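Here is a short briefing on charged side-chain pairs and strand pairing. Have the model open while you read.

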Amino acid sequence: MKAMLFAAGLGTRLKPWTDHHPKALALVNGKSLLQRNIEYLQQFGIHDVIVNVHHFADQIIDAITQNKGWGSSVTISDETDAVLETGGGLKKAAWYFEAEKDFVVMNVDILTDMRLDDMIRRHEAEQPLATLAVSDRTTSRYFLFDAAGRLRGWRNVNSGEEKPAGLQSVKDYALLQQKAFSGIHIINTGLFPVMKQEGKFSMVDVYLSLMDHYPIQCFDHSGAHFIDVGKPESIAKAETWCK
């Protein structure tokens, strides 16, 4: 199985580090987020990885080259001209997964000890279009799942916004469970032919546009370590358990 690491973001929450460096190279106990996630994937037998780059792209490419991919075969998806967000970035890299059935996608700025192999086994057994890692934790934005774990919507609890429009009128609306997305996906390559968005767009919008026609399910990893290393204070927290 192959994987993609999303590393093209501007990392504005991680300033001042990202004024001069990409967030992918932010250090946790002396090891970059990029290296940590490449080594995380290696634990589950994944050694072929594509990394999209935009903000300080040259620094990421140099780090991968100098460290020989930390033992993995790393390919660059160059978004130097324009950052494409998660959906556009994945679509640009679709060629990399042509010979695959399923593949893993991760945000580079998360750290977790979640059992990725358990998530892969679940995905392969049930064969949805995508499986999304989620947990019960406090955030402002949630995916909404029905009792069977199938995606039904999205909610911003701060603004009250929900998607799709009219969600409250659907059957069993009150029973929908809100789960925080962890930035890890396992995706069937059948997604690419039905991904109609173009240019710069989010994977959230892709999933919401497809959920009524294709199964998109959750994998709840509540209880595993998980840190979104998007802010400077998160790095200090990550250093308490990432050695």
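Does D146 count as buried or exposed? D146 counts as buried, because its relative accessibility is 17% and the cut-off for buried is under 20%. The model is predicted.

**Salt bridge R152–D146**
- R152 and D146 form a salt bridge, with 3.0 Å between the closest N and O atoms.
- R152 is partly exposed, at a relative accessible area of 29%.

**Salt bridge E198–K91**
- E198 forms a salt bridge with K91. The closest N and O atoms are 3.1 Å apart.
- E198 sits in the loop between helix 5 (191–194) and helix 6 (203–210), and K91 sits in helix 3 (residues 85–92), so the pair ties together parts that are 107 residues apart in sequence.
- E198 is exposed, with a relative accessible area of 61%.
- K91 is partly exposed, with a relative accessible area of 24%.

**Salt bridge K163–D205**
- K163 and D205 meet through their side chains in a salt bridge, at 3.7 Å from N to O.
- This pair links distant parts of the chain. K163 is in strand 11 (residues 162–163) and D205 is in helix 6, 42 residues apart.
- K163 is partly exposed, with a relative accessible area of 28%.
- D205 also counts as partly exposed, at 32% relative accessibility.

**Salt-bridge network**
- Salt bridges link R115, D117, D118 and R121 in a network.

**Strand 9 and its partners**
- Strand 9 (residues 141–145) is largely enclosed by the rest of the structure, because four of its five residues are buried.
- Strand 9 runs antiparallel to strand 10 (residues 151–156), and five bridges join the two.
- Within this pairing, R141 stands opposite N156 of strand 10.
- The hairpin of strand 9 and strand 10 has five residues between the strands. There, G149 takes a positive phi near 80°.
- Strand 9 also pairs with strand 12 (residues 177–188), in the antiparallel sense, over three bridges.
- On that side, L144 stands opposite Q178 in strand 12.

Notes
Residues are numbered from 1 along each chain as its sequence is written. This is a predicted model: local features need pLDDT of at least 70, side-chain atom pairs count only at pLDDT 80 or more; totals for chains, interfaces and linings use all residues. Side-chain values use heavy atoms; hydrogens and water are left out. A salt bridge is a side-chain nitrogen of Lys or Arg within 4 Å of a carboxyl oxygen of Asp or Glu. Buried means under 20% relative accessible area, exposed over 50%, partly exposed in between (1.4 Å probe, protein chains only). Two strands pair if DSSP finds at least two bridges between them.
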